[in-house]
Amino acid sequence: MTARALAALATADFRERVRRPAFAMTLLATIAFGYLAVPPAGADYALAQVGEYRGVYNSWYIGTVLALTTTVWLAFAGFYVVRNAISRDMATGVGQILAATPLRSGTYLMGKFLSNFLVLVAMAAVVGVMALAMQLLRGEVLAIDPAGLWLPLLLLPIPLMAVVAGAALFFETVPGLRGGFGILLWAFGSFVLYVASQVLLR
């Protein structure tokens, strides 16, 4: 496995994916969920509260809420954005071209994993920018704490995005998980994660 071949494969695949409508739609939905996760101070709801009280909109609160929201949403929607890495190559004929090159299977799969991961991290990175915008927009605490704002995003969604990237590739390579059963199984797992996140937020 050469680092050059691996980087070229992952980069080319990443560029192709971020141009697809599914990426743009999921990114817009991620931004919308992030906006709703930090409602105006007078809103009738809050995603993270204790009884009738919510946290002050400082860097740590906004960073943590957006990190949890991003983790749950991208674990579900992000999986469906990246799950067709191999099947797309087969449908477009790229797979047959790559099969005729000296590229090894391990390098190919690792390149697809890195591409999956980069696509998901790109979405999480947009949420990182949005976290800063939301703190300034809500205006309760204008002092920015970079650690509080971005550390939760590094500790929560980013590691899980590696799991999602690997799981999407695994589901594609296992015949029993490639079709509808795999989709239902992942949807059920995402629902369990959502319930767990609600328990943490309360």
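Visitor: What share of the contacts with a separation of 6 or more in the protein chain comes from residues 24 or more positions apart?
Guide: Residues 24 or more positions apart make up 79% of those contacts, where contact means heavy atoms within 4.5 Å. This is a predicted model, so to speak of ground rules: local features need pLDDT of at least 70, side-chain atom pairs count only at pLDDT 80 or more, and totals for chains, interfaces and linings use all residues. Residues are numbered from 1 along each chain as its sequence is written, and side-chain values use heavy atoms, with hydrogens and water left out.

Visitor: OK, how many helices and strands does the chain have?
Guide: Nine helices and two strands. Those are DSSP runs numbered from the N terminus, H or I with at least four residues for helices and E with at least two for strands. Starting at the N terminus, the order reads α-α-β-β-α-α-α-α-α-α-α.

Visitor: And how much of the chain counts as buried?
Guide: 38% of the 202 residues. Buried is under 20% relative accessible area, exposed is over 50%, and partly exposed is in between (1.4 Å probe, protein chains only).

Visitor: Let's do helix packing. How do the axes of α2 and α6 cross?
Guide: The axes of α2 (residues 21-37) and α6 come within 10 Å and cross at roughly 30°. Axes here are lines fitted to C-alpha atoms, for helices over the stretch in contact, with angles from 0 to 180 degrees between N-to-C directions.

Visitor: Left-handed or right-handed?
Guide: The α2 and α6 crossing is right-handed. A crossing gets that label if the near helix is turned clockwise from the far one by less than a right angle, and left-handed if anticlockwise.

Visitor: Which residues make the contact?
Guide: On the α2 side you have Phe23, Thr26, Leu27, Thr30, Ile31, Gly34 and Tyr35. From α6, the residues include Val119, Ala122, Met123, Val126, Met130 and Arg138. The whole set splits into 12 nonpolar, three polar and one charged.

Visitor: Tell me about Leu27. What does it touch?
Guide: Setting aside neighbours within four places in sequence, Leu27 is in contact with Met123 and Val126. Leu27 sits in helix α2 and counts as buried because its relative accessible area is 16%.

Visitor: What about Arg138, which ring does it lie over?
Guide: Arg138 lies over the face of Tyr35, at 5.0 Å from the ring centre. The rule wants NZ of Lys or CZ of Arg within 6 Å of the ring centre and within 35 degrees of the ring normal.

Visitor: Is Arg138 buried or exposed?
Guide: Buried, because its relative accessible area is 17%. Arg138 belongs to helix α6. Leaving out residues up to four places away in sequence, Arg138 touches Tyr35, Val38, Pro39, Pro40 and Tyr57. Arg138 and Ala41 are 97 residues apart in sequence, yet 7.4 Å apart C-alpha to C-alpha.

Visitor: And Gln135, what's its relative accessible area?
Guide: 0%, so Gln135 is buried. Gln135 is in helix α6 too. Beyond residues up to four places away in sequence, Gln135 touches a list that includes Tyr57, Asn58, Ser59, Ile62 and Leu149.

Visitor: New topic: how many aromatic pairs are there?
Guide: 10 aromatic pairs. Rings of Phe, Tyr and Trp (its six-membered ring) pair if their centres lie within 6.5 Å, with planes under 30 degrees apart stacked, over 60 edge-to-face and the rest tilted. Trp73 and Phe76 make a tilted one, 6.4 Å centre to centre with 50° between the planes. Both lie in helix α3 (residues 59-82), three residues apart, about one turn of the helix. Phe76 is partly exposed because its relative accessibility is 34%.

Visitor: What kind of pair do Phe113 and Phe117 form?
Guide: Stacked, because their planes are at 10°, with centres 6.4 Å apart. Both sit in helix α6 (residues 105-138), four residues apart, about one turn of the helix. Phe113 is partly exposed at 23% relative accessible area, and Phe117 is partly exposed at 22%.

Visitor: Which residues form the aromatic cluster?
Guide: Phe33, Trp73, Phe76, Phe79, Tyr80, Phe170, Phe171 and Trp186 form one cluster.

Visitor: Last one: where is Gly166?
Guide: In helix α8 (residues 157-173). Gly166 is partly exposed at 25% relative accessibility. The C-alpha atoms of Gly166 and Phe79 are 9.6 Å apart, though the two are 87 residues apart along the chain.

Conventions:
Ala, Val, Leu, Ile, Met, Phe, Trp, Tyr, Cys and Pro count as nonpolar, Asp, Glu, Lys and Arg as charged, and the others, Gly among them, as polar.
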